[in-house]
Amino acid sequence: MHDVYGDTDKMVWITKREIAYYLILKQVFQNRIFNLGEALDILTLFGSKRTTRKIIKILVSRGLLERVDVYQYKVKDLESSLLLNLRAYLAQRIYKRLKSLGFDVSLGLEDDKEYIAVHGCNDALRSMINILNKFVDVKCVD
């Protein structure tokens, strides 16, 4: 399946260390903006400053931290970050499962955004697709 969602075969899972650092930052700073120095002061007990900087950079790339300014960050919500990271996987699974169940499924493109098009939906499937749209772009097309 060609997809704009990303290559799920190369998705890198979050490590225990990254989760630990994330949870510590979440507990300490909650929704408050913090700077790198504050994070280093707290996380120095868990690893070197070099490692902490590296983990913070990784957490930003995984969507768990938001860079507010050059050295300022904010902890993001875990659930929305995980959904963002798993979006491509979810889309791929839905696409493959619908195909294996015999549905006429294709990929559509609208405003440079790819979606899964399911042709000939019945009411039950239409209802389920409305729920799935919270996670991935799926449309019933007739």
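The legends below walk through a few close-up views of this predicted model. Residues are numbered from 1 along each chain as its sequence is written, and side-chain values use heavy atoms, leaving out hydrogens and water. Local features need pLDDT of at least 70 and side-chain atom pairs count only at pLDDT 80 or more, while totals for chains, interfaces and linings use all residues.

**View 1. Cys-121 and Cys-140 form a disulfide.** The structure holds 1 disulfide (a pair of cysteine sulfur atoms within 2.5 Å). Here the sulfur atoms of Cys-121 and Cys-140 are 2.2 Å apart. The pair links distant parts of the chain, 19 residues apart: Cys-121 sits in the loop between β5 (113-119) and α5 (123-132), and Cys-140 in strand β6 (residues 138-141). Helices (H or I, at least four residues) and strands (E, at least two) are DSSP runs, numbered from the N terminus. The torsion about the S-S bond of Cys-121 and Cys-140 is about -95°, so this disulfide is left-handed. Cys-121 counts as buried at 11% relative accessibility, and Cys-140 counts as buried at 19% (buried means under 20% relative accessible area, with a 1.4 Å probe and protein chains only).

**View 2. Here is the largest nonpolar core, with 18 residues.** Such a core is a set of buried Ala, Val, Leu, Ile, Met, Phe, Trp, Tyr and Cys residues joined through side-chain atoms within 4.5 Å. Leu-25, Phe-34, Ile-56, Leu-59, Leu-65 and Val-75 touch the most other members. Two or more residues come from each of α1 (16-29), α2 (36-43), α3 (49-61) and β3 (72-75), and α1 gives the most, with 5 residues. Apart from this core lies another, of 13 residues, among them Ala-91, Ile-116, Leu-125 and Val-138.

**View 3. Helices α1 and α2 pack at an angle of about 115°.** Their axes are 11 Å apart; axes are lines fitted to C-alpha atoms, for helices over the stretch in contact, and angles run from 0 to 180 degrees between N-to-C directions. That makes α1 roughly perpendicular to α2 (65 to 115 degrees). Tyr-21, Ile-24, Leu-25, Val-28 and Phe-29 in α1 meet Glu-38, Ala-39, Ile-42 and Leu-43 in α2, where contact means heavy atoms within 4.5 Å.

**View 4. Helix α1 also meets α3.** The two axes come within 10 Å and cross at roughly 85°, which makes α1 roughly perpendicular to α3. From α1, the residues Arg-17, Glu-18, Tyr-21, Tyr-22 and Leu-25 meet Thr-51, Thr-52, Ile-55, Ile-58 and Leu-59 in α3.

Notes. Buried < 20%, exposed > 50% of the residue type's maximum accessible area, 1.4 Å probe, protein only. Parallel < 35°, antiparallel > 145°, perpendicular 65-115°, else oblique.
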